[in-house]
Amino acid sequence: MINIRKLESELWESADLLRQGSKLTSNQYCMPVLALLFLRYAYSRYKMVEKEILQSRPMRGGRVMPVEPSDFAAKSALYLPKEAQFDYLVNLPDNVASAGLKKKDGHPINSLGEAVNNAMQLVEDQSEQLTGVLPKTYTSFADDLLRELLRIFNNKTIDEVGGDVIGRIYEYFLSKFAKAVASDDGVFFTPKSLVKMLVNVLEPKQGVMLDPACGSGGMFVQTGDFVNAAGMNANTQMTFYGQEKVEYNAQLCLMNMAVHGLNGKIISGDEANSFYHDYHNLTGKCDYVMANPPFNVDKVKAESASAAGRLPFGLPGVNAKTKEIGNANYLWISYFYAYLNDHGRAGFVMASSATDSANKDRDIREKLVRTGDVDVMVSVGNNFFYTLSLPCSLWFFDRNKNADIRDKVLFIDARNYYTVVDRTLNEWTEWQLRNLQAIVHLYRGETGKYKALVADYDKALNGQTVAALEEALQKQKAEAKQLIADAPRKDKKRIEAEQNARIAEIEDTLETARQREWLVSKFGEEGQYQDVLGLCKIATIQEIEEKNYSLTPGAYVGVAEQEDDGVDFHERMNEIHSELARLNREANVLMDEIQKAWKSWKNL
């Protein structure tokens with residue numbers, strides 16, 4: 001079994017090692033490397049689709065008719081001319097100038113960098129969406145470095161795994177570059193688990209979707225995956241629109257969408273500044289709005305924002321002297337609401353402080369709550385972003401809520417529910433995401449979806465319990481330790497890798513069992529919603545009014561009771577004080593001895 005996580009990590013380490021050995025910064029290196037991955041993905045998909053086309057290709061004069069660009073367009077794949085195909089570039093001779101190659105404009109190709117630039121231009125010629133997007137700066141790479149990059153991404157394991165592995169590796173690289181390019185214009189990559197939570201709650205099916213701060217396009221990609229997984233075609237069901245002020249990020253977005261076979265209308269530059277422009281004219285027309293806008297932006301021109309409209313609840317606080325909005329969080333919140341049609345849904349990431357900010361923000365929040373369209377509020381803990389450690393909130397609007405929850409809001413405090421990836425990063429696993437989604441399903445009365453999740457758990461676990469898996473894990477670890485110790489030196493690494501893989505498999509299954517236990521212990525096998533102290537609560541608009549229209553989940557769900565560990569508090573405190581007194585006496589004795597030794601040394 002091929003470990004995809006290991007493959008991702010190895011490819012990244014190899015590529016990043018080359019960067020460290022070059023004179024290129026992360027900024028210079030990011031886009032060209034991602035474009036090479038994009039080309040590798042396009043080639044993999046090209047070969048797969050070509051095989052499908054050739055299976056039913058007509059013959060003429062005893063020969064199979066050659067494939068054409070239109071054949072690929074019909075299957076949402078890019079047609080690649082020979083000179084833009086990955087294996088063609090990989091197999092070019094070391095001395096490219098000696099091959100007598102020509103660019104599309106007829107000029108000679110004298111280096112591998114020029115050959116890759118030419119390939120990128122040929123790809124752009126096949127897709128109007130990619131025109132002017134792909135980098136053509138490969139002559140700044142030494143040919144040796146570029147050849148090694150091509151070799152790294154030509155890893156045959158990728159083809160052995162199959163499926164959308166290159167797409168996944170592309171996302172992995174994008175997330176790693178988000179860390180490396182932290183000096184860029186803000187956080188352009190929203191971690192997948194946050195985006196998936198937004199998509200899971202909104203459950204997009206068909207219609208118009210807008211992300212007015214689209215960054216690298218994660219909202220579009222996850223929406224596409226969600227729609228496709230439901231057995232539909234995202235490109236026929238959804239129309240994607242995006243605005244992204246930073247052109248570099250918009251290029252990443254278009255590449256990211258192309259990697260995943262999605263079409264979209266993405267605008268960048270000053271016209272894409274969502275504070276002042278509704279470029280696509282979508283006010284009141286969107287079925288879905290998703291975004292992770294920049295938090296706490298100041299100095300937004302109040303007059304320009306007001307003239308641009310999309311403010312159903314009025315302007316946030318304005319500085320009378322400068323005529324500027326001091327914090328634009330509620331501009332974004334108002335825009336997201338204004339874009340929705342009468343049955344639209346919105347989900348977005350927002351600074352935690354916005355849930356109970358005061359003054360004009362509080363007035364806007366009251367009007368918003370009174371519409372009955374605030375659906376779900378989720379608190380997210382620290383370290384979910386790659387370049388920020390601050391907590392955040394997820395907001396959800398629904399203009400077409402069920403009548404029985406019309407005057408209610410579901411609050412979820414998920415600050416203590418996550419998986420640690422490393423010292424600076426947390427995330428929600430797939431099962432944790434589905435558990436949080438299950439709470440929303442029960443709030444909406446969709447018990448069938450809850451039961452389907454429990455059935456998926458049971459299928460994955462096949463009767464295995466937490467206790468049995470914990471016992472199996474300890475047994476496997478002990479067995480692995482002995483096998484590695486007894487193995488001949490030449491076999492130790494192989495056996496250690498095999499045993500580690502078995503241990504990891506049991507650990508994954510154990511985590512699945514624990515997540516099932518977490519869910520069922522709160523809502524039962526059949527799925528009966530109940531407020532859970534410290535986790536979730538359904539509050540009425542009246543209850544929200546009583547809390548001065550705060551939308552902070554912690555204000556409603558309360559704090560979970562700590563489990564009694566069986567230790568008497570007063571007895572334990574007495575023990576600690578006794579221990580401290582003893583340590584202090586010992587410290588005084590040692591200090592006296594040090595002083596005596598010091599005096600003796602001075603008298604020598």
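## Confidence in the model

Averaged over the protein, the pLDDT (the predictor's confidence in each residue, from 0 to 100) is 89, and 91% of the residues reach 70 or more. Where pLDDT is low, the predicted coordinates should not be read in detail.

This is a predicted model, so local features need pLDDT of at least 70 and side-chain atom pairs count only at pLDDT 80 or more, while totals for chains, interfaces and linings use all residues. Residues are numbered from 1 along each chain as its sequence is written, and side-chain values use heavy atoms, with hydrogens and water left out.

## The sheet

Nine strands make up an open sheet with mixed pairing, in the order S5-S4-S3-S6-S10-S12-S11-S13-S16. Helices (H or I, at least four residues) and strands (E, at least two) are DSSP runs, numbered from the N terminus, and two strands pair if DSSP finds at least two bridges between them. Strand S5 (264-268) and strand S16 (536-540) are the edges, each pairing on one side only. Ignoring direction, neighbouring strands of this sheet are turned by 15° against each other on average; axes are lines fitted to C-alpha atoms, for helices over the stretch in contact, and angles run from 0 to 180 degrees between N-to-C directions.

Strand S10 (residues 340-351) and strand S12 (residues 392-398) run antiparallel, joined by seven bridges. Glycine 347 stands opposite phenylalanine 396 in S12. Helix H14 (residues 329-339) packs on the sheet, where it touches strand S3 (207-211), strand S6 (286-291), S10 and S12. The direction of H14 makes about 155° with that of S10.

Helix H17 covers residues 447-461, and at 1.5 Å a residue its 15 residues should span 21 Å. That expected span is 1.5 Å times one less than the number of residues. The end C-alpha atoms of H17 are 21 Å apart, which agrees. Tyr450, Leu453, Val454, Tyr457 and Leu461 are its buried residues, buried being under 20% relative accessible area, exposed over 50% and partly exposed in between (1.4 Å probe, protein chains only). Seen down the axis of H17, these buried residues fall within an arc of 95°, so they line one face of the helix; the arc is that of the directions from the helix axis to the C-beta atoms.

On the other side of H17, Gly448 and Lys459 are exposed. The buried residues of H17 pack against helix H16 (430-443), helix H18 (466-486) and helix H19 (492-523). Glutamine 432 is found in H16 and is buried, with a relative accessible area of 2%. Leaving out residues up to four places away in sequence, glutamine 432 touches Tyr417, Tyr418, Thr419, Glu427 and Gln515.

## Loops and positive phi

Just after H17, asparagine 462 takes a positive phi of about 50°. Glutamate 203, in the loop between helix H9 (192-202) and S3, has a positive phi of about 50° although it is not a glycine; at 7% relative accessibility, glutamate 203 counts as buried. Asparagine 359 has a positive phi near 60° and lies in the loop between S10 and helix H15 (360-370). At 65% relative accessibility, asparagine 359 counts as exposed.

Conventions. Contact means heavy atoms within 4.5 Å.
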